[in-house]
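Biologist: Could you take me through this model, beginning with the overall fold and then moving to the interior?

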Amino acid sequence: MSTFYRSQVPLIIASLLAAFMIVEFFLDWAVLRTISSDIQSWGVVISAFALGLGVVTLTRNNVGIIRRREKNWPYYLWCLIIMFTMIGSGLIGPLGKHPVFLWLYNNAFIHLSSTMYSILAFFITTAAVRAFRARNIDAALVLVSGVFVIMTLAPIGATIWSGIPLIGQWFLDVPNMAGMRGIIIGIGLGVLTLGIRTILGYERAHLAGSGGEK
Amino acid sequence: MFQLVFLLVFGIIVAIMIYMAKKGKVPEIRRLPGIDALDEVIGRATEMGKSIIYTVGGLLTDVEAPQAIAGFTMLSYVARKAAKTNTDLRVVPRFAVHIPVVTDIVQAAYLAEGHPEKFNAEKIHYYSDTQFAFATGVMGQIARDKPASLIMMGAWWAECLQFLETAAIHNVMSVGGTANTHQIPFIVLCTSECLIGEEIFAAGAYLSRDPVSVGTIAAGDVGRYVILTMIGVGVVLATAGIKWLTDIVKL
């Protein structure tokens, strides 16, 4: 495929659609709203179709590993068996109601997801232990403010001293809020400039890898 | 109405900055240690003979799309460096819809560096669109591959800390970037270098050093001064009991 089709055509389509969406945002015309809604639906449809591509990619990679008998290859085989069992049982009508699909979903998927989410509690603890070391002034400030905020949110803080929640809340409402608002304003401006660069065609590193060197 | 006026004013500022940049008045752009660290993590992987895991977060059909685009921009740079230095680069797309984009970026990078034969599609590891299935896949890959470096750019949620802590356990140097404010503290505390907030959106201009792109970054700074002025004036007016500016900017 030529560079024109790989780079220029997506750029033109993206620019036109982005410009259209901006116009639609400011003009309250029913016809524009309908077109905008359709365009957004296309995005959702494309994303849904991409899942098929995901299945193909995962299958190709796993089959390669299994064929070469690489380390831990039985796990990759197990992954494929489970994936195709879920897909197969989920597609048997009525969709998503097959007992095998429901059993796997309710007894494996939900619990595994909950387990992975729960692991965060341990990771937050280990991250806090590493972060809360007063190696320099910045780290010391993080440590002090962090202790006050934690003690504010934990009931024991107010029991130890009634001033702790006041100080902790001040950290949340004043320095934290000010910093976050500054970052959010910066993000808004950053998104605007990136959007303008993309619409004008200056941001094109994501198109056929035409990104520059530093 | 205010949004339209601000957009038009900002558009004019951008046009002026681009015009000035084209005339040769290219503004200075401050150092971004997070982007400079990309060379360091690639070099580390090259010296150690280990791999780099690069993952991009952010759905392309949602508000986090700009973060994903910024992640792709940096992937393009990392892929070219990896191709040049013959470093093993493994890319993990967050969503299936990322697969063709990252595959194209990496393939084009190897082609641009004159090593098209070294591109291997199996180095693009897709796991799942489901958050914790994806997180499990990446954590497992870090544990199995024991890469030298982890680069994660884009929109992250709970999986962010899971990746960074797994990387820390396995002595993997990590560089991260996000504009998701709820994950910024984790990125700052757990990475060697990071890009927070607007910094990830400046990556394209910073890496390419294209005068026009750098001009748009300067326009962002001018926009910041406009907002700061409005905040200052708004505070004074509100203190004096005059609310018209507050009413105008109210969304």
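Modeller: Chain B contains 10 helices and five strands. Please bear in mind that this is a predicted model.

Biologist: What does the C-alpha trace of chain B span along its principal axes?

Modeller: The trace spans about 65 × 40 × 30 Å. Of the 251 residues in chain B, 50% count as buried. Among contacts with a separation of 6 or more, 69% join residues 24 or more positions apart.

Biologist: In what order do the strands of the open sheet come?

Modeller: The order in chain B is β2-β1-β3-β4-β5, with parallel pairing. The edge strands are β2 (88-93) and β5 (193-196) of chain B, each of which pairs on one side only. On average, neighbouring strands of this sheet are turned by 10° against each other, direction ignored.

Biologist: Which helices pack on the sheet?

Modeller: Helix α2 (residues 33-48) of chain B does so, touching β1, β3, β4 (173-178) and β5 of chain B. The direction of α2 makes about 150° with that of β4(B). Helix α6 (residues 159-169) of chain B also packs on the sheet, where it touches β3 and β4 of chain B. For α6, the angle with the direction of β4(B) is about 165°.

Biologist: Back to the strands: how many bridges join β1 to β3 in chain B?

Modeller: Six bridges join β1 (residues 51-57) to β3 (residues 149-154) of chain B, and the two run parallel. Within β3(B), G154(B) is the residue opposite G57(B).

Biologist: Now helix α3 of chain B. How many residues does it have, and how far does it reach?

Modeller: Helix α3 (residues 65-85) of chain B has 21 residues and reaches 30 Å from its first C-alpha to its last, close to the 30 Å expected at 1.5 Å a residue. N86(B) follows α3(B) and has a positive phi, near 55°.

Biologist: Why is α3(B) described as largely enclosed by the rest of the structure?

Modeller: Because 18 of its 21 residues are buried, a residue being buried when 20 or more other C-beta atoms lie within 10 Å of its own.

Biologist: Which residues touch the most other members of the largest nonpolar core?

Modeller: Of the 92 residues in that core, they are L38(B), I52(B), L75(B), V78(B) and I151(B). The largest share of the core, 11 residues, comes from α3(B). Domain 1 (2-28 + 210-249) and domain 2 (33-207) of chain B each supply at least three residues to this core.

Biologist: And what does V78(B) touch?

Modeller: Not counting residues up to four places away in sequence, V78(B) touches L38(B), I42(B), Y54(B), L89(B) and I151(B).

Note on methods. Residues are numbered from 1 along each chain as its sequence is written. Chains are lettered from A and ligands numbered from 1 in the order in which they are written. This is a predicted model: local features need pLDDT of at least 70, side-chain atom pairs count only at pLDDT 80 or more; totals for chains, interfaces and linings use all residues. Helices (H or I, at least four residues) and strands (E, at least two) are DSSP runs, numbered from the N terminus. A residue is buried if 20 or more other C-beta atoms lie within 10 Å of its own, exposed if 12 or fewer, and partly exposed in between; C-beta atoms are placed from the backbone. Two residues are in contact if their C-beta atoms, placed from the backbone, lie within 7 Å. Two strands pair if DSSP finds at least two bridges between them. Axes are lines fitted to C-alpha atoms, for helices over the stretch in contact, and angles run from 0 to 180 degrees between N-to-C directions. The expected span of a helix is 1.5 Å times one less than its number of residues. A nonpolar core is a set of buried Ala, Val, Leu, Ile, Met, Phe, Trp, Tyr and Cys residues joined through C-beta atoms within 7 Å. Domain bounds come from an automatic or database domain assignment.
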